[in-house]
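Please look at the sequence and the model shown here before reading on.

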Amino acid sequence: MSKINDLMARGTALLGSDYAILCGAMSWVSERSLVSAISNAGGFGVIACGAMTPELLDTEIAATKAIAKRNFGVNLITMHPQLFDLIDVCAKHGVGHVVLAGGLPPKGSLEAIKASGAKVICFAPTLALAKKLVRSGVDALVIEGMEAGGHIGPVSTSVLAQEILPSLADEVPIFVAGGIGRGEAIAAYLEMGASGVQLGTRFVCATESIAHPNFKKAFMRASAREAVASVQIDPRLPVIPVRALKNAGTEAFTVKQREVANRLDGGEVDMAEAQLEIEHYWAGALRRAVIDGDVENGSLMAGQSVGMVTQEESVADIIAALVQQAEAALHARG
């Protein structure tokens with residue numbers, strides 16, 4: 001067995017894949033085409049449910065099953081108002097892995113997922129929450145640093161890895177995410193105790209990705225420093241920062257925050273509605289960029305690893321390159 005296979009053994013056993021390389025759930029990007037391509041190439045694709053209705057998710061899972069020859073998962077957002085209906089859709093299709101993101105899972109959600117026989121993977125932004133999730137019975141964790149694209153926390157990947165892996169890597173498989181663009185970084189996190197990794201930005205410009213050519217070009221032209229985090233303008237409105245390439249859409253989000261904060265002050269919406277409105281804004285802005293190709297006004301969610309995305313290539317070639325780089329790094333270290 002190769003070194004990378006040996007170090008990823010717990011991750012691949014959990015996922016049922018050749019390599020414990022998950023694709024991050026990116027709204028509009030992580031759909032049937034990319035998800036099935038990643039799973040078929042030996043990685044593990046994850047459908048981004050995002051703001052989908054149960055009916056839309058039902059259709060997407062069915063379409064993915066038709067072309068995916070290997071296991072894939074579904075990412076659900078914990079604050080989705082129809083979370084339990086979405087869990088039922090996953091159970092109906094026999095989805096084997098559900099990834100929960102966006103905060104502490106609501107009461108009963110872990111049990112509902114496990115009742116179908118599926119494995120539960122949860123995001124853990126802190127050691128305290130990671131320990132709580134492990135006690136709750138999750139099957140694996142994803143620890144994602146602020147270098148990632150999309151919604152981010154305040155702590156870097158390297159610090160999270162140092163805090164969480166030594167404490168919990170022996171208890172559950174842990175996948176490290178955020179800012180990973182090459183195999184050498186994968187090797188380093190595996191040696192620290194991770195069972196695998198998650199990448200999103202690296203797969204956006206895959207041949208199989210349905211992202212608009214304009215969206216892909218923006219990625220291939222960008223440098224790491226252009227992927228910036230959004231600014232929270234009102235402390236009363238706890239908006240989770242989003243990392244994206246800076247454009248006119250970035251400024252539009254600042255205006256949107258002010259508008260929602262004013263409506264919150266006026267009693268027109270409550271806090272939950274305000275946060276949901278922000279989420280729907282991002283979903284729409286991202287669609288304008290990914291699907292319609294409006295890279296000026298849409299949201300160009302990207303991680304800081306975007307500077308390592310320089311060409312369009314197949315998913316199989318991306319995974320092969322990552323594995324070769326990781327394997328070479330591990331052998332070089334003896």
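Helix H9 (residues 183-191) packs against helix H13 (residues 315-332) at an angle of about 55°, with their axes 7 Å apart. That angle makes H9 oblique to H13, since angles under 35 degrees count as roughly parallel, over 145 as roughly antiparallel, 65 to 115 as roughly perpendicular and the rest as oblique. H9 passes H13 in a right-handed crossing; a crossing is right-handed if the near helix is turned clockwise from the far one by less than a right angle, and left-handed if anticlockwise. On the H9 side the contact is made by Gly183, Glu184, Ile186, Ala187 and Glu191, and on the H13 side by Leu322, Gln325, Ala326, Ala329 and Leu330, where contact means heavy atoms within 4.5 Å. These residues divide into 6 nonpolar, 2 polar and 2 charged; Ala, Val, Leu, Ile, Met, Phe, Trp, Tyr, Cys and Pro count as nonpolar, Asp, Glu, Lys and Arg as charged, and the others, Gly among them, as polar.

This is a predicted model, in which local features need pLDDT of at least 70 and side-chain atom pairs count only at pLDDT 80 or more, while totals for chains, interfaces and linings use all residues. Residues are numbered from 1 along each chain as its sequence is written, and side-chain values use heavy atoms, with hydrogens and water left out.

Helices (H or I, at least four residues) and strands (E, at least two) are DSSP runs, numbered from the N terminus. Two packed helices are described by the angle between their axes and the distance between the axes. The axes are lines fitted to C-alpha atoms, for helices over the stretch in contact, and the angles run from 0 to 180 degrees between N-to-C directions. Two further pairs are set out in the table.

| Helix pair | Axes come within | Crossing angle |
|---|---|---|
| H3 (residues 32-40) and H4 (residues 54-67) | 9 Å | roughly 40° |
| H11 (residues 248-265) and H12 (residues 271-290) | 10 Å | roughly 160° |

H3 and H4 are therefore oblique to each other, and H3 passes H4 in a right-handed crossing. Their contact is made by Arg32, Val35, Ser36 and Asn40 of H3 together with Thr59, Glu60, Ala63, Thr64 and Ile67 of H4, and by class it has 3 nonpolar, 4 polar and 2 charged residues.

H11 and H12, in turn, are roughly antiparallel to each other, and H11 passes H12 in a right-handed crossing. In H11 the residues Gly249, Ala252, Phe253, Lys256, Glu259, Val260, Arg263 and Leu264 meet Met271, Ala274, Glu277, Ile278, Tyr281 and Trp282 in H12, and this contact divides into 9 nonpolar, 1 polar and 4 charged residues. Leucine 264, which lies in H11, counts as buried because its relative accessibility is 18%; buried means under 20% relative accessible area, exposed over 50%, and partly exposed in between (1.4 Å probe, protein chains only).

Which residues touch the most other members of the largest nonpolar core? Among its 113 residues, they are Leu57, Leu76, Leu141 and Phe203; such a core is a set of buried Ala, Val, Leu, Ile, Met, Phe, Trp, Tyr and Cys residues joined through side-chain atoms within 4.5 Å. Leaving aside neighbours within four places in sequence, leucine 141 is in contact with residues including Ile121, Cys122, Leu168 and Phe175.

Alanine 101, in strand S4 (residues 97-101), counts as buried at 12% relative accessibility. Beyond four places in sequence, alanine 101 is in contact with Asn75, Leu76, Ile77, Thr78 and Phe123. Alanine 101 and valine 142 are 41 residues apart in sequence, yet 9.2 Å apart in space, C-alpha to C-alpha.

Serine 158 lies in helix H8 (residues 157-168) and is partly exposed, with a relative accessible area of 34%. Not counting residues up to four places away in sequence, serine 158 touches Glu147 and Tyr189.

Most residues other than glycine have a negative phi. Tryptophan 28, in the loop between strand S1 (21-23) and H3, has a positive phi of about 75° although it is not a glycine. At 36% relative accessibility, tryptophan 28 counts as partly exposed.
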